[in-house]
Amino acid sequence: MEHNQPYMRIQPVTTNTKQQTRFTEHASLVSLVAAVIALLILSFVLMESKVVSSMNAVTLSGLLIVLIWVTALGLKPTTGQTAFKFALKKASLDYWQHGIASGAALAPFFVGIGTFTYGFQHSTISSELTHALAPSFAHLGWLLVVLIPIIVVLVSLIGIHPLASVALIGKIIMTMHIALSPLLIALSLNIGSVVAYMLSPFAGIVMIVATLLHVSSATVSVRWNWQFCLIFLVLSLGVATLLSLIF
């Protein structure tokens with residue numbers, strides 16, 4: 001899919017190639033794999049110890065790994081030590097001035113989306129939808145497995161956070177007596193939320209990428225991601241169905 005895109009035909013910029021190579025010549029796949037393994041182990045340790053929540057455990061672990069990595073690079077004796085420290089300082093200033101500032105500009109929007117999602121989840125409309133849709137969902141059978149991700153995605157397109165839509169659909173399903181495997185329903189909800197994060201123009205990562213690339217969020221979410229999301233949805237539902245039949 002990527003091979004036929006127009007941006008793949010643009011020739012890469014070759015300026016400062018030697019300088020970039022000098023900074024990264026010591027990098028290896030082993031160190032990258034070790035960093036990922038350390039990130040996973042540290043995240044699980046923080047989760048199991050219940051020091052912080054699951055999301056904060058991953059964030060804190062990533063921050064610690066990055067700090068350790070940058071510190072190790074700064075202390076490692078190399079011929080380009082001065083150049084490395086200059087590049088690190090410049091990158092830090094650029095991230096502070098452009099990266100963090102761009103994210104902060106989106107903060108009011110995220111607060112608004114969160115408030116709207118919370119209000120919808122605890123409103124009478126949510127309760128009425130639960131009572132109205134439960135009888136219809138009970139007669140869908142296997143079609144419900146395909147319908148769940150589609151509903152989660154459609155609801156996310158109007159600004160409802162995937163977690164809220166998953167919670168709403170989960171409430172509806174808990175009131176029904178269906179013959180489907182609970183594992184299959186859980187996987188279907190999870191698959192729907194993953195696709196929603198990629199297709200919703202209101203998703204945080206989509207908004208940040210769109211801001212950095214100076215394009216609309218709909219371009220990133222729908223125009224660029226729809227092919228991958230469709231393939232991911234079909235394959236994931238197939239694997240989920242197979243797992244439910246096995247287990």
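Q: Before we dig in, what does contact mean here?
A: Contact means that heavy atoms lie within 4.5 Å. Keep in mind too that this is a predicted model.

Q: Good. Which residues is Ile185 in contact with, leaving aside its neighbours within four places in sequence?
A: Ile185 touches Leu144, Ile148, Ile173, Ile178 and Leu180.

Q: And which residues have the most contacts inside the largest nonpolar core?
A: Those are Ile148, Ile185 and Val195. The core has 23 residues.

Q: Which elements give two or more residues to this core?
A: They are α6 (124-138), α7 (143-156), α8 (162-174), α9 (182-199) and α12 (226-246).

Q: Where does the largest share come from?
A: From α9, which supplies seven residues of this core. As a general note, nonpolar side chains in soluble globular proteins tend to be buried together.

Q: Switching to rings: how many aromatic pairs does the structure hold?
A: There is one. Phe228 and Phe232 have ring centres 6.2 Å apart and planes at 15°, so the pair is stacked. The cut-off for stacked is planes under 30 degrees apart.

Q: Nice. How many residues apart are Phe228 and Phe232 in helix α12?
A: They are four residues apart, so about one helical turn separates them.

Q: What is the relative accessibility of Phe228, and what is the relative accessible area of Phe232?
A: Phe228 has 45% relative accessibility and therefore counts as partly exposed. Phe232 has a relative accessible area of 24%, so Phe232 is partly exposed as well.

Q: Which helix gives the most to the nonpolar patch?
A: Helix α2 (residues 29-49) does, with six residues. Leu29 has its place in that helix.

Q: Is Leu29 buried or exposed?
A: Exposed, because its relative accessibility is 65% and the cut-off for exposed is over 50%.

Q: Last topic, backbone angles. What is phi of His214 near?
A: Phi of His214 is near 60°, a positive value in a residue other than glycine. For context, most residues other than glycine have a negative phi.

Q: Where does His214 lie?
A: His214 is in the loop between α10 (204-213) and α11 (217-224). At 73% relative accessibility, His214 counts as exposed.

Key
Residues numbered from 1 in each chain as written. Predicted model: local features only at pLDDT ≥ 70, side-chain atom pairs only at ≥ 80, totals over all residues. Heavy atoms only, no water. Core = buried A, V, L, I, M, F, W, Y, C linked by side-chain atoms within 4.5 Å. Buried < 20%, exposed > 50% of the residue type's maximum accessible area, 1.4 Å probe, protein only. Phe/Tyr/Trp six-rings, centres within 6.5 Å; stacked < 30°, edge-to-face > 60°.
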